[in-house]
Structure formats: C-alpha cells, structure tokens
Amino acid sequence: AVSSFIYKFAKIINIVSIAIINNRLNWVDWAKAIAITLVVLGHLPMDKDNYLIRYLTVFHMPLFFFISGFLTKIDKGTPIRTRKYMTSLILPYFIYNVVFYPYWLVRYYIENGHQLGLLYDWTIKPFLGILLLQYESSISCNVNGVTWFLAALLLMRGIFEISLRWKYGKILLYFLALLCISGYIINEQVLFTKDLTPIGFMKCMPFFLLGYELKGTPIISSTKLSKCISCTFIGFFISQLTFILSRQHPDIITGPILFYATCLGGILFVISVSHLFDNMHSIVIENISKGTLMTMGLHWMIMGTINFMCSSFFTSNHSLYIFNTLQGLIVCIIIEAIIYPCIIWSMRHAPLLIGKKL
C-alpha cells in the first residue's frame, strides 16, 4: 500500500514513470547520473582526511570509464567512424577548453598578483597545452584539466576500433591493460609523469576494457531484485573493507591490490544500485545522463567560482575554503542545478555540446 501510494504521488508530479523510454536503458541513465555526481563531489576542495571524499575519489573515474566501455559499440564491418569521434569527443574537447579559457585567464591574473606578465604565458602556452592534451611543461600548461577524460577516452576508443579489427586484437588489448596497470602502479611510487591524460589513461583503461567485455553478462544485465540487492551489499562491503585496509597498508605490494579491489567493489555497488532504480524513470536523471559531457566540461569552472566567493567571504586571508561533507553535498547539488538548464538548452539548440550530431 505504501509503495503504491509513493508511485502514484510521483506519477502525479511527473517525475516517475515506468521502465525504458525511447529505447534507453534506464539503469544506465541512473549509473551515468550517479557517476557524474560522484565526479563533481570528488573534485570539490574538501579536507584530505574526509572519509567520504577519499573513498569516492578511489573509484569515481574508473566507474565512469567502466560505463563508457559498456556503452562502446565496435562494428567490425564498417569503416572507422571518424566523424562520430569528431562530434562526440574531439570537438567537445576543444569547445570546453575554449569556453574555459576566460575563466582560466581571470584565475591566472589573480594568482599572479593582478599582473598578466609575458604574453606567451597566457596566450601560446595554454593553447599548446590544449593541443598537447593538457600537457604541463615549460612551454605548455593545462587549461581545463578535467577534459583529460575526453582525451583519454578518445585514445581508448581509437585503440579499440583498430585492435578489434585484427585477429589477435583482443589479446593486444589485454596486454595493454596489464601494461597500464603496471605503469600506474609504478607511477604511484616514482611519479615518472604528473600529466593528467597519461595517468588517467593508465588508471582507467583496464576498467574501460572490463566494461566492454562484461556487456550482456548476467552480472551486469540482470535486473532480478534479489540479485541486485545481494550485489549491492557485496559491492559495498568489498569496497569499504578494501578501502579501510588500503589506508592502513599503503605499501607498494598491498596498496595496488587493495586499490583495484576497491574500484571493482565500488563499480559493482553503483551498478547494482542503478539496477534497483531500473523501474523508476526520472526525466531529470535521463537529462543528467545525456548531459554528462557538459557537466564534465563545465563543473570545474563553476566550482572554482563558488570556491572563490566562499574564500573571499568566509576566510580572513582569502585562503582556499575547505568544505565539510554537508557543504560539499549542497555545493554539488547547486553545481548540477546550474548546469541542468544548459543541458536542456543544448539538447535543442547545440547538441554538439553534449556530444551529439548537429
């Protein structure tokens, strides 16, 4: 009776309806919406010892790449779809860096004592950084750093397109995944690179491959209630246990094992929770899912503006304002609420901004 009342009430306010609409997988929309929310929350300036943030930032990007791998379709019988990649990844990458540049310039001006300095440093240097996929060096700098996601995803999809057309391509992909795991573990110890795109690629490529390989398997596609509930608790338990252990044993051998176990547990947890919501269709969740690219591209700029305002009003020396957990959750909701109308507008007037054809 209670569940029936809740359902009828939700239907009245036009938030909930049943099942899959327009051939979309409803649970995937929930998974993408949860994933992008975790990304935004994980990027907020919060205390380094904040348990929630440290936990989420272990697996929030592996989760996003897992979902991307799951949604990737490679048609071996057709030519490589360069135009599709241009629309969904390449052009959005440049657009969101260009849109971000005025904010970057203002921040650069403030951080340099209200002086611009050398013309090269605030014109050519960021432009080269964009072309070099957010590469940070004496001649270039990253602009919208979070767009490393688009650069890394483009590289992954390109490698998959080429490899899976070859007889032994899948073996090559597994070998590359092992190289990425090894490279990421080594880099965590010796830090041979600090650049976002190669680090992100090494960290997330194995999860992209895992998502691609698990599509259609019962562990991912099953919506049976008892199984979803069991997987939710199992995923949560594994990710929590291994995360707690990783904080106690961050050594070179145990640390990486616990890191990947936490990621796998966290991914299983979020995917299972998404399946639990499969019978609840929310137009808001669907739109957030469609606009994950825009949220990824804009949230850092909005977050920085909010943090600058908080630092100006609530700290005596204008130092970086650190949010607590409740404040972080509120700011996360505010950021997504600001971006949401932009997503709706883009769906009609500028679909390229959400990675769709014009």
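Predicted model: local features only at pLDDT ≥ 70, side-chain atom pairs only at ≥ 80, totals over all residues.
Trainee: Why is the aromatic pair of Phe 65 and Trp 148 called stacked?

Mentor: The ring centres of Phe 65 and Trp 148 are 5.8 Å apart with 15° between the planes; since rings pair when their centres lie within 6.5 Å and count as stacked when the planes are under 30 degrees apart, this pair is therefore a stacked one. The count by this rule comes to 21 aromatic pairs.

Trainee: What makes this pair tie together parts that are apart in sequence?

Mentor: Phe 65 belongs to helix H3 (residues 51-71), whereas Trp 148 belongs to helix H7 (residues 148-163), so the pair ties together parts that are 83 residues apart in sequence. Both Phe 65 and Trp 148 are buried.

Trainee: Why is Trp 104 called buried, and why is Tyr 101 called partly exposed?

Mentor: Trp 104 has a relative accessible area of 6%, and because buried means under 20%, Trp 104 qualifies. Tyr 101, with a relative accessible area of 23%, falls between the limits of 20% and 50%, so Tyr 101 is partly exposed.

Trainee: What do the buried residues of H13 pack against?

Mentor: The buried residues of helix H13 (residues 283-290), including Ile 285 and Ile 288, pack against helix H2, strand E2, helix H14 and helix H15.

Terms used:
Residues numbered from 1 in each chain as written. Heavy atoms only, no water. Phe/Tyr/Trp six-rings, centres within 6.5 Å; stacked < 30°, edge-to-face > 60°. Helix = DSSP H or I, 4+ residues; strand = E, 2+ residues; numbered from the N terminus. Buried < 20%, exposed > 50% of the residue type's maximum accessible area, 1.4 Å probe, protein only. Contact = heavy atoms within 4.5 Å.
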